[in-house]
Amino acid sequence: MTAPRHLAAAMRTALEQAGRVKGATYPNPPVGAVILDADGRQAGCGATEPVGGVHAEVVALRAAGERATGGTAVVTLEPCNHHGRTPPCVDALLEAGISTVVYAVDDPNPAAAGGAQRLRAAGVEVAGGVAAAEAAAGPLREWLHKQRTGRPHVTWKFAASIDGRSAATDGSSQWITSESARADVHRRRSAADAIMVGTGTVLADDPSLTARLPDGRLAATQPLRVVVGERDIPPESRVLGPDCPTLRLRTRDPAEVLQALADRTDVLLEGGPTLAGAFLRAGAVDRILAYMAPILLGGPRTAVDDVGVTAIAGALRWRYDGVEAVGSDVLLSLVPLD
């Protein structure tokens, strides 16, 4: 749906607000909201608070105060109509005297849906579907997937040379990509609910799997660290350190892993070629983020092992949904063909 310029700008701000809290709202979706006063000027904005706190609409309404009366609420997700840990956002919008509500994506959760219908019944003008594609492919991507499929959204992230090598012949891999790319990875880690690697990665690289700021400090939000595989790992492994919790899963079966992570929404797969191959063969990867460095390495250390393809006709086919420069590298975002 095409929106007037001031509403489109407000929705962009709402999406930015949602992006800032991604990873901090689990298990609630990261939602952003903007309140425009009766003259169409921004009066307040905000995003969903951590679980137990209020939703984006309430944050924005509090910032707007009395200027919300007769104004417009612009929200990335249909306002909820149920009483969970907090009262329905519809109640707050009606009490504030909002006259118009514009939102991006319908709430697919039957327990929370119905907000738009109730607002209309109360005389509020409601428009849905504004910037829906941007919201669905942005901050709400993983949450919507969980609502649709019932399982976590899995993103396989890897770094490689332009010839697809994840390490040199001697096994060295630090650093294939630029400092900018590594900073981007840490930002994405902070926004994820869980980071997953195999025992082979732990034994070879001893990663800490924490999310860090550019100055090296721990980010405010840390994902659950998940180690998959049947081999033992040393008790002094950095992934078992105190910085954030770690879940140890003694299995090689992606289905068992996803079942163990059923309460999570956004899982980042950072494992090596063996774990990545297992998830690809199982059809359990929902997005690929490939950081491609402008270097050539050659040799046998590829980014992924066997994915079950024996002929071109059986190739696992994906489509690009984003290409961007990150420092001296290129980040490719791919999703399965529909």
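The buried residues of helix H2 pack against strand E1 (32-36), strand E2 (42-47), strand E3 (72-77) and helix H3 (89-95), where contact means heavy atoms within 4.5 Å. Helix H2 covers residues 56-64, and its buried residues are Ala56, Glu57, Val58, Ala60, Leu61 and Ala64. Buried means under 20% relative accessible area, exposed over 50%, and partly exposed in between, with a 1.4 Å probe and protein chains only. Helices (H or I, at least four residues) and strands (E, at least two) are DSSP runs, numbered from the N terminus. Glycine 65, which follows H2, has a positive phi near 60°.

This is a predicted model, in which local features need pLDDT of at least 70 and side-chain atom pairs count only at pLDDT 80 or more, while totals for chains, interfaces and linings use all residues. Residues are numbered from 1 along each chain as its sequence is written, and side-chain values use heavy atoms, with hydrogens and water left out.

Strand E10 is covered on both faces: Asp266 and Leu268 are buried on one side, and Val267 and Leu269 are buried on the other. Strand E6 runs parallel to E10 and is joined to it by four bridges; two strands pair if DSSP finds at least two bridges between them. Opposite leucine 268 of E10 stands threonine 155. Strand E7 (residues 194-198) also runs parallel to E10, with three bridges between them, and alanine 194 has valine 267 in E10 as its bridge partner.

Lysine 157 belongs to strand E6 (residues 153-161). Neighbours within four places in sequence aside, lysine 157 is in contact with Val185, Leu268, Leu269, Glu270, Leu289 and Tyr291. One aromatic pair is present in the structure. The ring centres of tryptophan 156 and phenylalanine 158 lie 4.4 Å apart with their planes at 25°, so the pair is stacked. Rings of Phe, Tyr and Trp (its six-membered ring) pair if their centres lie within 6.5 Å; planes under 30 degrees apart count as stacked, over 60 as edge-to-face and the rest as tilted.

Alanine 18 lies in helix H1. Not counting residues up to four places away in sequence, alanine 18 touches Pro30, Val31, Gly32, Ala47, Thr76 and Pro139.

| Residue | Relative accessible area |
|---|---|
| Tryptophan 156 | 5% |
| Lysine 157 | 13% |
| Phenylalanine 158 | 15% |
| Alanine 18 | 0% |

The second largest pocket has a volume of about 610 Å³. Its lining comprises 27 residues, and Lys22, Arg187, Arg188, Ala191 and Arg287 lie nearest its centre. Among the elements that each supply at least two lining residues are helix H1 (5-21), helix H7 (179-191) and strand E10 (266-269). By class, this lining has 10 nonpolar, seven polar and 10 charged residues. Ala, Val, Leu, Ile, Met, Phe, Trp, Tyr, Cys and Pro count as nonpolar, Asp, Glu, Lys and Arg as charged, and the others, Gly among them, as polar.

One cavity of 30 Å³ or more is found in the whole structure. The largest cavity has a volume of about 120 Å³. It is lined by 16 residues, of which Gly23, Asn28, Pro30, Asp193 and Thr265 are the closest to its centre. On a 1 Å grid over the protein atoms alone, a cavity is a set of points where a 1.4 Å probe fits but cannot get out, and a pocket is an open set with protein on both sides within 12 Å along at least five of seven lines; lining residues have an atom within 4 Å of a point. Grid points are joined across faces, edges and corners, and a volume is the space filled by probe spheres set on the points.
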